[in-house]
Amino acid sequence: MEEPLIPVVPMSHTAHIRSHRKPRPRSSSALAMRAGVAGGVLSTLAVAGAAGSANAAEPVTQTIELPTLTADMTAQVAESAEVTQQAAADYQLRAERDAAAAKAAKQAKADLADAKKKAEAKQKAEDARKAAAERANRSSARTTLTSTSADSDVPAPASGSVGTVINFLKAQLGDAYVMGASGPDAWDCSSLVQAAYKQVGVDLPRVSQDQSVAGTPVSLSNVQVGDILYWGGAGSAYHVGVYIGNGQYLDAANPSKGVVIQDLSGYPASGAVRVL
């Protein structure tokens, strides 16, 4: 007789198999150790949490300080703008002062030139007055001289003021010509003429331009001994000399000739003025 089959039920690999070991009682020291370990872990987690909280709070602190930094920067920008504005104002003030000073200097220069012109005009008027009086005296002297020598064909020599001028000029013959020189051994054209007329109390301007308008204009056909001859325009003459008669004049000619007597035919004058 066959034995009955016993069915075999397969077991899951996860099926719990009871342990046949008896549970060992846990000692108090083991429990204390586990409690200590757990406490240490919790303390570490607490410290880590606190550090994390501190690190997390740091951006909040920066965010709170940001308005303070922005306010400081705003104040610095405002101060810089104020300094720039003040510098611009100072520069503008200096520019205005410089412009005012330049304008004042220009006006002072113009006033000085005007005063100089007025003084020169006054001096010319005074010279003209003296010249007129001198001419009157000379005319009287010439009338007397003509009446005393009416029967003589020999021309009378220059006398009085004219004679003094001519004698002084002839005494300088052979002196050197030096531009800007005023004697006694070197002259330029205008300084020689000025010095000659100074011998008779006539103060002439220093340069030829002014000497050409210092007296009464006369035509070259009526020129007389002692008249000033000039070359160039009246008021812009570049050379002067003195007529000494017989178609001749005496002048400080140039560096190569010096003080000489020359013929008008070789170098005709542009005009003449009479101061005696």
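## How this chain packs together

In this predicted model, 54% of the protein's contacts with a separation of 6 or more are between residues 24 or more positions apart; contact here means heavy atoms within 4.5 Å. Residues are numbered from 1 along each chain as its sequence is written, and side-chain values use heavy atoms, with hydrogens and water left out. Because this is a predicted model, local features need pLDDT of at least 70 and side-chain atom pairs count only at pLDDT 80 or more, while totals for chains, interfaces and linings use all residues.

Let's start with the overall layout. The protein has four helices and eight strands, where helices (H or I, at least four residues) and strands (E, at least two) are DSSP runs, numbered from the N terminus. Along the sequence they follow the pattern α-α-β-β-α-α-β-β-β-β-β-β. The accessible surface is about 19,500 Å², and 59% of that belongs to carbon and sulfur atoms; such areas come from the Shrake-Rupley method with a 1.4 Å probe, and for residues only the protein chains shown count as cover. Of the 276 residues, 24% count as buried. Buried means under 20% relative accessible area, exposed over 50%, and partly exposed in between (1.4 Å probe, protein chains only).

**The cores**

A nonpolar core is a set of buried Ala, Val, Leu, Ile, Met, Phe, Trp, Tyr and Cys residues joined through side-chain atoms within 4.5 Å. The largest one here has 29 residues, and those with the most contacts inside it are Leu169, Leu192, Tyr197, Leu204, Ile228 and Leu276. Two or more residues each come from α2 (160-171), α3 (189-198), β4 (228-231), β5 (239-245) and β6 (248-252). Helix α3 gives the most, with six residues.

Leaving aside neighbours within four places in sequence, Tyr197 touches Val165, Val202, Leu204, Gly226, Asp227, Ile228, Val242, Val275 and Leu276. There is also a second, separate core of nine residues, which includes Val223, Leu229, Tyr249 and Leu264.

One of the contacts of Tyr197 is Asp227, found in the loop between β3 (216-218) and β4. Asp227 counts as buried because its relative accessible area is 0%. Its side chain reaches the backbone nitrogen of Gln224 at 2.7 Å.

**Aromatic pairs**

The structure holds three aromatic pairs. Rings of Phe, Tyr and Trp (its six-membered ring) pair if their centres lie within 6.5 Å; planes under 30 degrees apart count as stacked, over 60 as edge-to-face and the rest as tilted. Phe168 and Trp187 form an edge-to-face pair, 6.2 Å centre to centre with 85° between the planes. This pair links distant parts of the chain, with Phe168 in helix α2 and Trp187 in strand β2 (residues 186-187), 19 residues apart. The rings of Trp231 and Tyr249 have centres 5.0 Å apart and planes at 50°, so this pair is tilted. Here the partners are 18 residues apart, Trp231 in β4 and Tyr249 in β6. Trp231, Tyr249 and Tyr267 form one aromatic cluster.

How buried are the members of these two pairs? The table gives their values.

| Residue | Relative accessible area | Class |
|---|---|---|
| Phe168 | 17% | buried |
| Trp187 | 5% | buried |
| Trp231 | 1% | buried |
| Tyr249 | 0% | buried |

**A loop that meets Trp187**

Ala181 is found in the loop between β1 (176-177) and β2, and at 15% relative accessibility Ala181 counts as buried. Beyond its neighbours within four places in sequence, Ala181 is in contact with Ala186, Trp187, Asp188, Ser191 and Arg206. Ala181 and Ser191 are 10 residues apart in sequence and 7.2 Å apart in space, C-alpha to C-alpha.

**Strand β6 and its partners**

Strand β6 is mostly covered, with four of its five residues buried. Two strands pair if DSSP finds at least two bridges between them. Strands β5 and β6 run antiparallel and are joined by three bridges, with Val242 opposite Leu250 in β6. Their hairpin has two residues between the strands, and Asn246 takes a positive phi near 60°.

On to β7 (residues 259-263), which pairs with β6 in the antiparallel sense over five bridges. Gln248 stands opposite Asp263 in β7. This hairpin has six residues between its strands, and Gly258 in the turn has a positive phi of about 75°.

Methods
Polar contact = N/O pair within 3.5 Å; in protein donor to acceptor, adjacent residues only side chain to side chain.
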